[in-house]
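Open the model in your viewer and keep the sequence panel beside it.

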Amino acid sequence: MSALRYHDFHLTGYDVRKSGSEIVLHLLYDYPSCPREESHIRFQSVELYHFVHTGGAIILDIAEIPLSQVFQEFGDRIQVWANQFGIQHWGYADPASYQRKLESQGLCAWEISSSIGFAGFVIAKSIDDVTDQFARHAN
């Protein structure tokens with residue numbers, strides 16, 4: 001796996017694909033007197049994600065964090081989302097049991113931070129750089 005390139009890249013968009021099991025972040029480094037560079041980062045086997053304020057985001061970090069941190073911060077909201085969006089069919093009973101289920105499946109959490117407004121997390125099986133796949137399809 002190549003090194004992920006994201007620091008100081010602008011989030012130009014993201015795709016939710018494969019019925020929600022895949023998310024691809026589309027990033028662009030485009031500053032005066034610097035070469036323009038794209039980066040595309042894919043999360044696979046996505047279980048849950050939450051993004052806010054995506055417009056104008058400049059990504060600072062994509063850091064793997066403990067699942068427990070996500071559940072400490074978002075446990076109450078995950079409970080609301082479970083009720084609103086019906087994730088009980090995935091075996092959701094309560095935040096603690098849901099966290100244990102995700103851990104037993106080998107899922108990880110990534111926190112995405114930004115210098116301007118954007119915040120988010122993704123719970124998924126893996127993360128990788130797929131820039132070469134998008135470069136081939138763009139031509």
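**Before you click**

This is a predicted model, in which local features need pLDDT of at least 70, side-chain atom pairs count only at pLDDT 80 or more, and totals for chains, interfaces and linings use all residues. Residues are numbered from 1 along each chain as its sequence is written, and side-chain values use heavy atoms, with hydrogens and water left out.

**Stop 1: the whole chain**

Trace the chain along its sequence: the order is β-β-β-β-β-α-α-β-β-β-α.

**Stop 2: the surface**

Show the surface of the protein chain.

How many of the 139 residues count as buried? The share is 40%. Buried means under 20% relative accessible area, exposed means over 50%, and partly exposed lies in between (1.4 Å probe, protein chains only).

**Stop 3**

The structure holds 7 salt bridges. Each is a side-chain nitrogen of Lys or Arg within 4 Å of a carboxyl oxygen of Asp or Glu.

Select Glu37 and Arg5. Their side chains form a salt bridge, at 2.5 Å from N to O. Glu37 lies in strand E3 (residues 37-44) and Arg5 in the segment before strand E1 (9-17), so this pair ties together parts that are 32 residues apart in sequence. Glu37 is partly exposed, at 31% relative accessible area. Arg5 is partly exposed too, at 26%.

Arg5, Glu37 and Asp129 are linked in a network of salt bridges.

**Stop 3: Arg36**

Select Arg36, Asp30 and Glu38. Which residues does the Arg36 side chain meet in salt bridges? One is Asp30, at 3.8 Å from N to O. Another is Glu38, with the closest N and O atoms 3.9 Å apart.

Colour these residues by accessibility. Arg36 is exposed, at 55%. Asp30 is partly exposed, at 43%. Glu38 is partly exposed, at 40%.

Technical notes: Helices (H or I, at least four residues) and strands (E, at least two) are DSSP runs, numbered from the N terminus.
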